[in-house]
Amino acid sequence: MTTETTAAPGRRARHLPLGALVVAVVALLASVVVAACIGPATLPWPDVLRALASLLPGVELPGLSEQQLQILWQLRVPRVVLGALVGGTLATAGAAYQGVFRNPLADPYFLGVAAGAGLGATVSITTTIAPFGSATLPLFAFVGAVGAVTATWLLGRSAGGRAAASIILAGVAVSLFLAAIQTYLQLRNVERLREVYGFLLGQLNTAGWGDVRTAAPWALIAVAGMFASRRLLDVLAVGDVEATALGLSTRRVRLIVIGLATLGTAAAVSVAGLIGFVGIVVPHTVRLLVGTSYRALVPLSFLLGASFLVLADIAARTAISPAELPIGVVTAFVGGPFFLLVLRTSRRALL
């Protein structure tokens, strides 16, 4: 069995369906409003809508008190925006990886991003190399993620053979190596394990807009680049021979798209930890709804990925209230069975 086998053929929407786009936007807006209302201090949804509408020029509607406005703008909205940004970026990166490798099981952590970010975060938490404590965690996680994928790419390209298969195997090797270093650091710093596991299980605990400002520039650049590459992903889907005959440099396209997807994933992971399955669940759901064309798949994956993670965060905050579940646990409850379903479907297609 080869990892470059094209997924089972399906219908292809030549353009982004307007109806699907409207539904996705409405779903995102609805999830944002619900998430902004729910919390230890419940905010009435009509007042939240008035507060959000007051962002429009020339609109000023009364409703929430000063204390409630502080809760909304300094606690709830930053967390919701961060969740939407992280979810949309991970889902878009998952769709891009699946297109590049023509593998329905590819996800944003495919090439060692998770291992690299986990090691970077562990170094930041457990050593004195990071002089400013938790303030350096996003930077270390970002550098670790990008460094891991760079090592995977260089190792995979030097191995020769089938390019995609070599890169995937290199990703496994790099991930195992970095995970071993991370485990060693954890054993040497048992008293900091709780902080490390908090990052590894995913988190959207934020007060203020700091994390959003940290991740947004890189994530939005990556998403914009993947959006601009969606037609090239459609060409890649027909096969390397056909794409080359059409004048497309498949190696260059793969390198660019992998770089963009990695940049976005690293930005998301650096501020939210390792939140799994978003990049598998959302793109496959979009495929089932609108077909396999990346002209529709990429933008809809971003919108539905944002909605998915915002809703998952609601579940994380309310399932065992007043305590809070790690958001990675919630996505795993949904993504685990979905992954097995995709694996079984893919196996049938390959037999």
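User: What is the relative accessible area of Phe277?
Analyst: Buried means under 20% relative accessible area, exposed means over 50%, and partly exposed is in between, with a 1.4 Å probe and protein chains only. Phe277 counts as partly exposed, because its relative accessible area is 26%.

User: What should I know about the model and its numbering before we go on?
Analyst: This is a predicted model, in which local features need pLDDT of at least 70 and side-chain atom pairs count only at pLDDT 80 or more, while totals for chains, interfaces and linings use all residues. Side-chain values use heavy atoms, leaving out hydrogens and water, and residues are numbered along each chain as its sequence is written, starting from 1.

User: How many helices and strands does the protein have?
Analyst: Helices (H or I, at least four residues) and strands (E, at least two) are DSSP runs, numbered from the N terminus. Reading along the sequence gives α-α-α-α-α-α-α-α-α-α-α-α-α-α. The count comes to 14 helices and zero strands.

User: Back to Phe277: what is its phi, although it is not a glycine?
Analyst: Phe277 sits in the loop between H11 and helix H12 (278-290). Its phi is positive, at about 75°.

User: How are H8 and H11 oriented to each other?
Analyst: Two packed helices are described by the angle between their axes and the distance between the axes. Here, helix H8 (residues 210-228) and helix H11 (residues 250-272) have axes 8 Å apart and an angle of about 160°; axes are lines fitted to C-alpha atoms, for helices over the stretch in contact, and angles run from 0 to 180 degrees between N-to-C directions. Angles under 35 degrees count as roughly parallel, over 145 as roughly antiparallel, 65 to 115 as roughly perpendicular and the rest as oblique. H8 and H11 are therefore roughly antiparallel.

User: How do the residues of the contact of H8 with H11 divide?
Analyst: Contact means heavy atoms within 4.5 Å. On the H8 side, the residues include Trp218 and Met226, and on the H11 side they include Leu260 and Val271. Nonpolar covers Ala, Val, Leu, Ile, Met, Phe, Trp, Tyr, Cys and Pro, charged covers Asp, Glu, Lys and Arg, and polar covers the others, Gly among them. The division is eleven nonpolar, three polar and one charged.

User: What is the handedness of the crossing of H3 and H13?
Analyst: H3 and H13 have axes 7 Å apart and pack at an angle of about 140°, so H3 is oblique to H13. A crossing is left-handed if the near helix is turned anticlockwise from the far one by less than a right angle, and right-handed if clockwise. H3 passes H13 in a crossing that is right-handed.

User: Which residues of H9 and H11 make their contact?
Analyst: The axes of helix H9 (residues 230-237) and H11 cross at roughly 130° and come within 11 Å, so H9 is oblique to H11. Their crossing is left-handed. From H9 come Leu232, Leu233 and Leu236, and from H11 come Thr250, Val253, Arg254 and Val257.

User: How many residues does the largest nonpolar core have?
Analyst: A nonpolar core is a set of buried Ala, Val, Leu, Ile, Met, Phe, Trp, Tyr and Cys residues joined through side-chain atoms within 4.5 Å. In the largest one, the residues with the most contacts inside it include Leu111 and Ile258. Leaving aside neighbours within four places in sequence, Leu111 is in contact with Ile258, Tyr97 and Phe101, among others. The size of this core is 83 residues.

User: How far apart in space are Ala91 and Pro283?
Analyst: Ala91 lies in helix H3 and is buried, because its relative accessible area is 0%. Not counting residues up to four places away in sequence, the residues it touches include Pro283, Val278 and Ser301. Ala91 and Pro283 are 192 residues apart in sequence, and their C-alpha to C-alpha distance is 6.4 Å.
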